[in-house]
Amino acid sequence: MTTAIDDERIKHEVAQYYRYAAFSHTWEDNEPLFENVVRFVVYDLEKSPTHDKLQMFCNVARDAGFNWAWSDNCCINKQDHAAHQEAVVAMFRWYEGSSLVIVFLRGSLDIPGIPCCQGGRFYTEDWKPYLNLDILNHKESPEVISEMEELTGISARTLRELHPGLDDIRQKLSLASGRKSTFVEDAAYSLFGIFSVSLPVVYGERDKALGQLLAHLLASSGDMSILSWTGKSGSFNSCLPADITVFSQLQPPHIPLALTMDTFGSSPNLDVATRLYDRLNDLSMPSLSGKRIKIPCIIFELGRPRRTSGHPNIFRANADALGIVEITTTSEDLSRLDHIYLVHPWIGFLLARHPIGGDENVLAEGGTADGSLLRGSSPLPGHSITSFMSQLRPTGSSRLLGARPVKPKHDMPSPPSPSTLVPLTGKQTQVLQFIARLRQPFGALLFAPTRHNAKVYRRIATDSMVTVQIEQLSDAQWDDLIANVQMLDVL
């Protein structure tokens, strides 16, 4: 009782003793489960490929100095519903809390992502360190990171910085898109940790598990790229897919890529452009109520679609502002529908809230720190930003002084003088960028009213993206465009 207690040393010793290694592997047939090992010594299990795998994992963990090892197949009691649900929700934390993740690569090389543990080691099918690496953390190997970058299509920097939360949702879904699970629901449940969400675990709900997760992510983050997919709709909500494999393409296929400065033809005056910008800016974020999702968007009504001769799954229809639209779908006969709509939901892209694909600030590259634009600066070869500005018809106090097209200079510009600047407010610059984005080709989503409520819509799944572009509009058509900005109620 007279001996001084060294609290820090006690904490250190306890932490060292209870460090554990976690196992990352692909489930195979006849994996040993909780009930198979709870009363037996692992090394006494009968001979089988999966038992050998578990034993070798334990050997490697022990040789690395660990007293404890955790493997998802046999350290979770799936017969205890409460314990199983808690383990599924906390799965990512089991990996994150480990001191070492041992990754077993059986068969073809398929390097998975490794959570933010203290270290990760890769082992080949014969349980030799991958590439014969002799370092504690194989994620620090340039060769391993390079191969992970090539296999996933995600940059090395992003792979290193990937962490739980609602950022980089599309990249995380892309990483998970190739995962095969024994139960359909696990495709969603296994992602709870990487997105830092906690939702009910209900085996038997099939693809509704994925729909519920995606709907939660959409409403929590406002990331509309979740809606960017083609294929079959799920049973939770028609806006969301039935299978996570649709996210295999890292770059969303619907959303416009780079911003260009093509000739605009009939463009609105700044007042009209600003009204449209403000109308979109005032829309709410996506929201979820039960199974209904409300999404901000611009709606374009289509004329009655007609089948293309010789191609029963290809339909063509006309839309004001978009022209002739071609749609490929095997989900239903579009010619039977009285009302059908194309929807532009990429509001975050239009308003530059979520930069997607290429440099979204290309219009501003010729600008100055105070928001003015250099006369003659050329963000893209062969184009002048003032030639774009001159097509907007300013009215009243919105007049742009000196906005006239000039020949772009391709040599290094000299420092600007005040007389060569075109004064623009920050808001006007944002509106110009918005109009440029609006005129780019985009992937539209297809919707129709539900049978029982004309004010509630359902998404019609298409086999390929419907790419359209806004044509030259009259002043009345620009007003119609503003009127068609709304929150769409989708079931």
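Predicted model: local features only at pLDDT ≥ 70, side-chain atom pairs only at ≥ 80, totals over all residues.
**The chain overall**
- You're looking at a chain with 15 helices and 16 strands.
- Out of its 491 residues, 47% count as buried.
- Take the contacts between residues at least 6 apart in sequence: 64% of them join residues at least 24 apart.

**A four-stranded sheet**
- Four strands make up an open sheet with parallel pairing, and the order reads β2-β1-β3-β4.
- The edges belong to β2 (68–71) and β4 (120–123); each has a single partner strand, so one side of each has no neighbour in the sheet.
- On average, neighbouring strands here are turned by 25° against each other, direction ignored.
- Strand β3 (residues 100–104) runs parallel to β4, and four bridges join the two.
- For V101, the bridge partner in β4 is G120.

**K172**
- This lysine, K172, sits in helix α8, which spans residues 169–176.
- Is K172 buried or exposed? With a relative accessible area of 3%, K172 is buried, because the cut-off for that is under 20%.
- Leaving aside residues up to four places away in sequence, K172 touches L162, H163, P164, G165 and D167, plus I194 and F195.

Notes. Residues numbered from 1 in each chain as written. Heavy atoms only, no water. Buried < 20%, exposed > 50% of the residue type's maximum accessible area, 1.4 Å probe, protein only. Contact = heavy atoms within 4.5 Å. Pairing = 2+ DSSP bridges. Axes fitted to C-alpha atoms, helices over the stretch in contact; angles between N-to-C directions.
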